[in-house]
Amino acid sequence: MSSSTVTARRTFAAALAATAIVGAVALPASAADHARPQRPKVEISAVQYDSPGRDDRSRHSLNKEWVELTNTGRRDVNLDGWTLQNKDGVTYTFDHYRLEGRATVRIHTGKGRDTDNDLYMDRRDYVWDNHSDTATLRNDHDRFVDDESWGRHHGGHGGHGGRGGHQQGGHEHAGMRR
């Protein structure tokens, strides 16, 4: 065999091996591009939009109106800068809060001392309309994460929406006629 034939065969074998390596490296990236999007790791898991008892705007009554968020994933999620908003634009912004994996936090309307399991909006009036409202959760880039709607005009953005077992309540809060 001539040396030019051996060189040509070696060059062809090297090119073939390089192509196989590039193909093997590119395959996982390509498969990852077509993977199904993950469902939200944080979701609105329950809403108490009508605090039980008299609606007298007391701290006790306001704090019985709440929204619960659950981290369904295993890893902690940093909620710093995330927002929880009603349909009228009343917004609560999370500040330096990390929700542990598989944990739930309750966000109360009234005043209180924040803990790992309970956060407070520090408001003096009710936030969630008893007849019809939507709680919308957005991340720190203002991207939709989840929502929960109830009442006559519930539609939602594709989160839970509707009556997914997360609603509670019945009568209208004093001062919340809309």
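A salt bridge here is a side-chain nitrogen of Lys or Arg within 4 Å of a carboxyl oxygen of Asp or Glu. The views below show a predicted model, in which three salt bridges are counted by this rule.

**View 1. Asp 125 and Arg 57 form a salt bridge between two loops.** Their side chains meet at 3.3 Å, N to O. Asp 125 sits in the loop between strand 8 (118-120) and strand 9 (132-138), and Arg 57 in the loop between strand 1 and helix 2 (59-62), so the contact ties together parts 68 residues apart in sequence. Asp 125 is partly exposed at 24% relative accessibility, as is Arg 57 at 39%.

**View 2. Glu 68 and Arg 106 form a salt bridge.** The N to O distance is 2.6 Å. The pair links strand 2 to strand 7, with the residues 38 apart. Glu 68 is buried at 16% relative accessibility, whereas Arg 106 is partly exposed at 26%.

**View 3. Strand 2 pairs with strands 1 and 7.** Ala 46 stands opposite Glu 68, and Leu 69 opposite Val 105. Trp 66, Glu 68 and Thr 70 point one way from strand 2, and Val 67, Leu 69 and Asn 71 the other way; all are buried.

**View 4. Arg 138 and Asp 142 form a salt bridge.** The side chains meet at 3.9 Å, N to O. Arg 138 is partly exposed at 23%, and Asp 142 is exposed at 52% relative accessibility.

**View 5. A patch of positive charge lies on the surface.** Lys 41, Arg 74, Arg 75 and Arg 102 gather there. Arg 75 belongs to the loop between strand 2 (66-71) and strand 3 (77-78) and is exposed, with a relative accessible area of 68%.

Terms used:
Residues are numbered from 1 along each chain as its sequence is written. This is a predicted model: local features need pLDDT of at least 70, side-chain atom pairs count only at pLDDT 80 or more; totals for chains, interfaces and linings use all residues. Side-chain values use heavy atoms; hydrogens and water are left out. Patches are made of residues with over 30% relative accessible area and no salt bridge: like charges are joined within 9 Å, nonpolar side chains (Val, Leu, Ile, Met, Phe, Trp, Tyr) within 5 Å. Accessible areas come from the Shrake-Rupley method with a 1.4 Å probe; for residues, only the protein chains shown count as cover. Lys and Arg count as positive and Asp and Glu as negative; His and the chain ends are not counted. The place of a charge is taken as NZ of Lys, CZ of Arg, CG of Asp or CD of Glu. Helices (H or I, at least four residues) and strands (E, at least two) are DSSP runs, numbered from the N terminus. Buried means under 20% relative accessible area, exposed over 50%, partly exposed in between (1.4 Å probe, protein chains only). Two strands pair if DSSP finds at least two bridges between them.
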